[in-house]
Amino acid sequence: MLSWSTLQSEAQNLVGDTTSAVLTALKRDLNIAIRDIRTRFKGSYVLEDEYTVSTTTTIGQYYPLPADFFKLKAASWKLSNVKYPLIEVQNPLIWEQLNQDTANTGTPPTHCYIRHRAGRDDIGLYPNPGSNSDTNGLLIYYIIDPPDLSVDDSTLTVAGFTNDYETVTPAAAGFTSVMIDDKRWLKPDPATGGDGNWYRMTTFTSTSSIELDRKYEGLTDASVSLTVAQIPLLPKNTDHLPAYFAAAHFFFRKRDFAKGNDMLNFYEKGIAQNVGIWNRKSTQQVGRHGRGSFRLSNPNVPPRGMTSS
């Protein structure tokens, strides 16, 4: 996966112009292309995440969704370590009709509703949990909409990486909490003993310690150089394509439509070649891949409403 700075350099090489004014326009078009590719692959390749909403301190019917929320995949309510799937209501009239019964409160809720509001979306629950707190909370699986890229790459040297371990410690204080807020990743340099894979930084402990989203897969090694960067989070083999889109619009602004169309053709051809690769989540031939409805039962979870005798 190309980093944000590498993607900028690719676009500059295509247009043959490294001036700051042109770079500003290229950055804008690179982010437009990144969003466009994600939209083109929405039906086959999506970025998913999960988010737990605490329901112990703020109790009510509506709960704020994460800032990068795009669309809901699934939601469940955890009660006594049992997950109760919620049925999503999409029609606001049906949602209002459900909520006519104000006397029906308590947990677990059975339905949820996504409310799009100015500033931030939230999710509503029915029945209204009211004042019934729960120590587990509301678990949301959703498609993310990452923010535009804006931060250039930086480099650090770490004291070492330990195989099968999530903690990273630099040779000198260099990590910042902003790196987590900006959703940056790090890549250990293979030339200095790293495995060359990208790892998302998820927790800032101190300027000399951060946690990765998964255990380090490379060999244990000392004094490893690494790149800290934002990355476009696109399907594999498409991360270079935004450079062609940005270059195309550069030439269109110059009224050089022949070069602009050439660059745009490279962009469109790259998308067309890769959409088919991502038409399924896996290569398995057995499984449900269509839209047909099916009933999933879990023998360990009793039907709702059942009480012990």
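**A leucine and the helices around it**

Modeller: Let's start at Leu 26: setting aside neighbours within four places in sequence, Leu 26 is in contact (heavy atoms within 4.5 Å) with Ala 11, Gln 12, Val 15, Ala 246 and Phe 250. Bear in mind that this is a predicted model, where local features need pLDDT of at least 70 and side-chain atom pairs pLDDT 80 or more, while totals for chains, interfaces and linings use all residues. Numbering runs from 1 along each chain as its sequence is written, and side-chain values use heavy atoms, leaving out hydrogens and water.

Now the helix pair. H2 (residues 20-40) packs against H5 (residues 241-253) at about 130 degrees, and their axes are 8 Å apart. Helices here are DSSP runs (H or I, at least four residues; strands are E, at least two) numbered from the N terminus. Axes are lines fitted to C-alpha atoms over the stretch in contact, with angles from 0 to 180 degrees between N-to-C directions. The crossing of H2 past H5 is right-handed (the near helix is turned clockwise from the far one by less than a right angle).

On the H2 side, the contact residues include Val 22, Ala 25, Leu 26, Asp 29, Ala 33 and Ile 37. H5 brings, among others, Leu 241, Phe 245, Ala 246, His 249, Phe 250 and Arg 253. By type, the contact comprises 14 nonpolar residues, 1 polar and 3 charged (Ala, Val, Leu, Ile, Met, Phe, Trp, Tyr, Cys and Pro count as nonpolar, Asp, Glu, Lys and Arg as charged, the others, Gly among them, as polar).

Leu 26 turns up again in the largest nonpolar core, which has 25 residues: Val 15, Leu 26, Ile 37 and Tyr 267 touch the most other members. Such a core joins buried (under 20% relative accessible area, 1.4 Å probe, protein chains only) Ala, Val, Leu, Ile, Met, Phe, Trp, Tyr and Cys through side-chain atoms within 4.5 Å. Helix H1 (4-15), H2, H5 and helix H6 (257-275) each give two or more residues to this core, and the largest share, 9 residues, comes from H5.

One last stop: Arg 255, in the loop between H5 and H6. Arg 255 has a positive phi of about 65 degrees although it is not a glycine. Most residues other than glycine have a negative phi. Arg 255 is also exposed (over 50%), at 61% relative accessible area.
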